[in-house]
Amino acid sequence: MEMEEFAAGDSWVHKLDPRVKILITLIFSIVVALNNHVSMVAISLILPVSLIICARLDFRPLLVRLGIVNGFILFLWLFLPFTTPGEIIYTLGPLTVQREGIHQALLITVKSNSIVLMAIAMLGTSTIFTLVHALSHLYVPDKLVHLFFFCFRYIHVIREEYFRLSNAMKIRGFRPRTNMHTYRSYSYLVGMLLVRSFDRSARILQAMKCRGFRSRFYILHHYEMKSHDYAVALSSAAFSAFILVFI
Amino acid sequence: MHISEGVLTAPELGIGAVFTVAGLALGLRRMDYEKLPEVAVLSSVFFVASLIHIPIGPSAAHLILNGLCGALLGWPAFLAIFVGLALQAVLFNFGGITTLGVNTVIMAFPAVAAGFLCRHFVKSSSSSVRYVFEFIAGAGAILLSGLLVALFIVLALGQSMEAAARLVIAAHIPVMIAEGVITVFVVEFIRKVRPEML
């Protein structure tokens, strides 16, 4: 699975201060999530869509992302229009389609896409390390920031290890099926990953101690708000406030 | 198990956020810097494990292993799960930012509860007692998570979603059994290979 697929790029959206990105995404997402007017939520799409256009993101992976998100929404469309009590607008054999149900399903669909597009436009266009670094500037507890750093750093290492182990299984003719042998083999694979990672974490701790780790992450790079950061922050906040007024 | 963006309303999102902040605070207090690399690297393992698909009959499911996570880490499992979900939300748009609190509650509280159970009984010398409780920890964590998903969906969308909620739980029954079996195998494997991890 591809990670950070939208992070490469040199548009002004990519270069925005990550603290601004995190804050405006949070504000926008909450305002949209709490809104109950389909039309207002539809208007909210303007911000993420224009940001994505400015960021010149690849269209194909974007559609794949949206497809996955809307898969779950589709599940709701199978239920909501038929089960939500309200005014009946259509009868389909034993099923009745209610106006309220359609309205609710539509609201959820637009909301979900708007928030996800905003997350892709803002958080997707930064690397995880940049975002985590920004979190440490936003007063997120130090230990939690460390956890994000280490976890993301070692996901890549452990994925490699997983591929190595699963290749070794394939070479020996392992074919996954629904039986005890498959489950036991996968369990030992996971168990082996856990044991190796546990040992690895002990080595990491020793290495950190050897280098005089004093429970602090020294941040060498400091962000500086430039005029266009302020401009984007203010206009996005104003836009979110506009949506909030019509909540 | 993720609830996507846009489905829940203010009360559920608020409840999720409050409980998650409380759980994180507790987890952070229980984890000192000595333990940090272990929690971090094991949360990477659980992140990678969630990309593994196991066959269940004609279909397949990805591993969740939140019960196992709780068994290995205790309260800090809350942190590991939160970090994993946050990364999934940003990297793949699974779950979401506004629903991060709710999704953490859904996955992490069952993990910690199952963990307590498993850590207590794993010391038993009778292998059948161990197998039973390891299975309950693995399967029970999924059951609890499924029930919480159903609860949040019904709270947000009303009584009329009961049918859908039942379907969510029913769909999780095969996953529960698979996760229970795998949890037994993994815990027994670790017990043999690296008992100090438990």
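User: Is Phe109(B) buried, partly exposed or exposed, and what is its relative accessible area?
Analyst: In this predicted model, Phe109(B) belongs to helix H5 (residues 100-121) of chain B. Buried residues lie under 20% relative accessible area and exposed ones over 50%. Phe109(B) falls in between and is therefore partly exposed, with a relative accessible area of 26%.

User: How many aromatic pairs are there over all chains, and what is the geometry of the pair Phe174(A) and Tyr186(A)?
Analyst: Over all chains the count comes to 18 aromatic pairs. For Phe174(A) and Tyr186(A), the ring centres are 5.5 Å apart and the planes stand at 85°. Planes over 60 degrees apart count as edge-to-face, so the pair Phe174(A) and Tyr186(A) is edge-to-face.

User: How many residues apart in sequence are the parts that Phe174(A) and Tyr186(A) tie together?
Analyst: Phe174(A) lies in the loop between helix H8 (142-171) and helix H9 (180-210) of chain A, whereas Tyr186(A) lies in helix H9 of chain A. Both Phe174(A) and Tyr186(A) are buried. The pair therefore ties together parts whose separation in sequence is 12 residues.

User: What is the class of the ring pair Phe19(B) and Phe109(B), and which cluster holds these residues?
Analyst: The ring centres of Phe19(B) and Phe109(B) are 6.2 Å apart with planes at 85°, so the pair is edge-to-face. Phe19(B) lies in helix H1 of chain B and Phe109(B) in helix H5, so the pair ties together parts 90 residues apart in sequence. Phe19(B) is partly exposed, at a relative accessible area of 45%. Ring pairs link these residues into a cluster of Phe19(B), Trp75(B), Phe78(B) and Phe109(B).

User: Which backbone oxygen does the side chain of Thr20(B) reach, and at what distance?
Analyst: Thr20(B) lies in helix H1 (residues 10-30) of chain B and is buried, with a relative accessible area of 3%. Leaving aside neighbours within four places in sequence, the contacts of Thr20(B) are Phe78(B), Phe82(B), Gly101(B), Thr104(B) and Val105(B). The side chain of Thr20(B) reaches the backbone oxygen of Gly16(B) at 2.8 Å.

User: What is the radius of gyration of chain B, and what value does the globule rule give?
Analyst: Chain B has seven helices and two strands, running α-α-β-β-α-α-α-α-α from the N terminus. The radius of gyration is close to the globule rule value for 198 residues, so chain B is as compact as a globular protein of that length. Of these 198 residues, 64% count as buried. The radius of gyration is 16 Å, and the rule gives 16 Å.

Note on methods:
Residues are numbered from 1 along each chain as its sequence is written. Chains are lettered from A and ligands numbered from 1 in the order in which they are written. This is a predicted model: local features need pLDDT of at least 70, side-chain atom pairs count only at pLDDT 80 or more; totals for chains, interfaces and linings use all residues. Side-chain values use heavy atoms; hydrogens and water are left out. Helices (H or I, at least four residues) and strands (E, at least two) are DSSP runs, numbered from the N terminus. Buried means under 20% relative accessible area, exposed over 50%, partly exposed in between (1.4 Å probe, protein chains only). A polar contact is a pair of N or O atoms within 3.5 Å; within protein, one must be able to donate a hydrogen and the other to accept it, and residues adjacent in sequence count only if both atoms are side-chain atoms. Contact means heavy atoms within 4.5 Å. Rings of Phe, Tyr and Trp (its six-membered ring) pair if their centres lie within 6.5 Å; planes under 30 degrees apart count as stacked, over 60 as edge-to-face and the rest as tilted. The radius of gyration is taken over C-alpha atoms; the globule rule is 2.2 Å times the number of residues to the power 0.38.
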